[in-house]
Amino acid sequence: MEVFASLIEIELHMRTITGGKCEPYDAGVEIWKIAMSEVESSPDIMHPFWLIWGSLTDWVEIRPAEKIEAENAMVRASSEWLNLDHRNPVAIKAYCDRYTMKWGIRNLDSEFDKLDHT
């Protein structure tokens, strides 16, 4: 899929999250999948999105007791992206950097190892 079309699809999922029209986790998984498919084509946007949304959805899977907190973070990340000036590359980079540092490298590995992978 073309990167621009993928970004539009991601933003549609974000709108369903912010509009309360879906479970944030379900839309988050779709965002993660789309971003993952475009990582090589768009390292400046899709790679951070892949890291961010992978971490946010992992948060729900690995720490189900924190689902509400994780889904609130998904709503916030979606809202901030949708309200960003997308013509401003500095704003885009700042968003990606901030969320990648906050969520994209969240250390859940020790919790992941405790899950049953059979």
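Visitor: In which helix is the place of Met 101?
Guide: This is a predicted model, in which local features need pLDDT of at least 70, side-chain atom pairs count only at pLDDT 80 or more, and totals for chains, interfaces and linings use all residues. Helices are DSSP runs (H or I, at least four residues), as are strands (E, at least two), and they are numbered from the N terminus. Residues 89-104 form the helix that holds Met 101, namely α5.

Visitor: Is Met 101 buried or exposed?
Guide: A residue is buried under 20% relative accessible area, exposed over 50%, and partly exposed in between (1.4 Å probe, protein chains only). Met 101 has a relative accessibility of 59%, so it counts as exposed.

Visitor: What separates the C-alpha atoms of Met 101 and Pro 48?
Guide: Along the chain, Met 101 and Pro 48 are 53 residues apart.

Visitor: How many helices and strands are in the secondary structure of the protein?
Guide: From the N terminus on, the elements run α-α-α-α-α-α. The secondary structure therefore comes to six helices and zero strands.

Visitor: At what angle do helix α1 and helix α2 pack?
Guide: Two packed helices are described by the angle between their axes and the distance between the axes. Here the axes are lines fitted to C-alpha atoms, for helices over the stretch in contact, and angles run from 0 to 180 degrees between N-to-C directions. Helix α1 covers residues 3-18 and helix α2 residues 24-37. Their axes lie 9 Å apart, and the packing angle is about 170°.

Visitor: How are α1 and α2 arranged, roughly, to each other?
Guide: Angles under 35 degrees count as roughly parallel, over 145 as roughly antiparallel, 65 to 115 as roughly perpendicular and the rest as oblique. With an angle of about 170°, α1 and α2 are therefore roughly antiparallel.

Visitor: How do the residues of the contact of α1 with α2 divide?
Guide: Contact means heavy atoms within 4.5 Å. The residues that make it include Ser 6, Ile 10 and Ile 17 of α1, and Ala 27, Ile 31 and Ala 35 of α2. Ala, Val, Leu, Ile, Met, Phe, Trp, Tyr, Cys and Pro count as nonpolar, Asp, Glu, Lys and Arg as charged, and the others, Gly among them, as polar. The residues of this contact divide into eight nonpolar, four polar and two charged.

Visitor: How far apart in space are Ser 6 and Ala 35, C-alpha to C-alpha?
Guide: Ser 6 lies in helix α1, and at 0% relative accessibility it counts as buried. Ser 6 and Ala 35 are 29 residues apart in sequence. Their C-alpha atoms are apart by 7.6 Å.

Visitor: Is Ser 41 buried or exposed?
Guide: Ser 41 is found in the loop between α2 and α3 (46-62). Its relative accessible area is 53%, so Ser 41 is exposed.

Visitor: How many disulfides does the structure hold?
Guide: A disulfide is counted as a pair of cysteine sulfur atoms within 2.5 Å. Among the residues, Cys 22 is partly exposed at 26% relative accessible area, whereas Cys 96 is buried at 3%. The number of disulfides in the structure is zero.

Visitor: What share of the residues of the protein count as buried?
Guide: The protein has 118 residues. The share of them that counts as buried is 40%.

Notes:
Residues numbered from 1 in each chain as written. Heavy atoms only, no water.
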